[in-house]
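Trainee: I've got a new structure to look at, and I'd like to know how the labels get decided. Can we go through it together?

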Amino acid sequence: MPGIQETRVLPWTSEQMFDLVADVGRYQDFLPWVVATRVRSNNETEMVADMVVGFKSLREKFTSRVTKQRPGLIDVQYVDGPLRDLDNRWHFQALPEGGCKVDFSVDFTFKNKVFEALAGQYFDRAFRKMVAAFETRAEQLYGSNNSSADNVA
C-alpha cells in the first residue's frame with residue numbers, strides 16, 4: 001500500500017508536539033478508531049505499546065516499538081499484529097518565528113485482506129482525520145495561538 005506524507009506548520013513548540021505524539025497511552029481519548037492502548041514499557045528513548053484499532057465490528061491489536069529522540073523525532077516500528085509492515089515517522093522542527101514544522105509519514109500493509117481492502121478505500125481520508133485529531137488535541141492541551149496551522153503539503 002502506498003504511504004502518505006504530510007507537512008504542517010503549527011503554532012505549538014516542537015516539545016509540545018513531541019509530548020503529545022509520545023503520549024500513546026492517551027490515544028484512545030482523541031484518535032478515531034483507536035479503541036484502547038497499553039504501554040508495556042517506556043523510558044526517555046524507547047517505548048513498547050499495544051494498540052487496539054477498530055472499524056465497525058472489526059478489531060485488531062498490534063504492538064509497536066517507538067523510538068524517541070526528544071524533541072525532534074518519533075519513529076514507530078512494527079513488532080506484532082495484523083500488519084505485514086509499518087513505518088511511521090514524526091519529525092518536529094522548531095521554527096525561528098515560533099511554532100514548529102511537523103513532517104508525518106505512514107506506510108503499512110495488512111496481513112488481513114479484509115482490513116487491507118477497507119484501509120485502501122479509506123486510507124487517505126482516515127489519515128487526514130487522524131492528523132486533524134492531533135491538531136485538535138494540541139489546541140485542547142496547549143490553547144490556540146494567534147497563528148493558525150498551515151498545510152504545507
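Mentor: Leaving aside neighbours within four places in sequence, Ile74 is in contact (heavy atoms within 4.5 Å) with Phe18, Val21, Ala22, Val66, Thr67, Asn88, Arg89, Trp90 and Phe92. Before we go on, this is a predicted model, where local features need pLDDT of at least 70, side-chain atom pairs count only at pLDDT 80 or more, and totals for chains, interfaces and linings use all residues. Residues are numbered from 1 along each chain as its sequence is written, and side-chain values use heavy atoms, with hydrogens and water left out.

Trainee: What is the mean pLDDT of the chain?

Mentor: pLDDT is the predictor's confidence in each residue, from 0 to 100. Here the chain's mean is 87, and 88% of its residues reach 70 or more. Over residues 146-153, though, pLDDT stays under 50.

Trainee: Why is Asp75 called buried?

Mentor: Buried means under 20% relative accessible area, exposed over 50% and partly exposed in between, using a 1.4 Å probe and protein chains only. Asp75 has a relative accessible area of 12%, so Asp75 is buried. In the whole chain of 153 residues, 43% count as buried.

Trainee: What does the side chain of Asp75 make a polar contact with?

Mentor: With the side chain of Arg89, at 3.3 Å. A polar contact is a pair of N or O atoms within 3.5 Å; within protein, one must be able to donate a hydrogen and the other to accept it, and residues adjacent in sequence count only if both atoms are side-chain atoms.

Trainee: Which residues touch the most other members of the largest nonpolar core?

Mentor: Tyr27 and Ile74, in a core of 38 residues. A nonpolar core is a set of buried Ala, Val, Leu, Ile, Met, Phe, Trp, Tyr and Cys residues joined through side-chain atoms within 4.5 Å. In soluble globular proteins, nonpolar side chains tend to be buried together.
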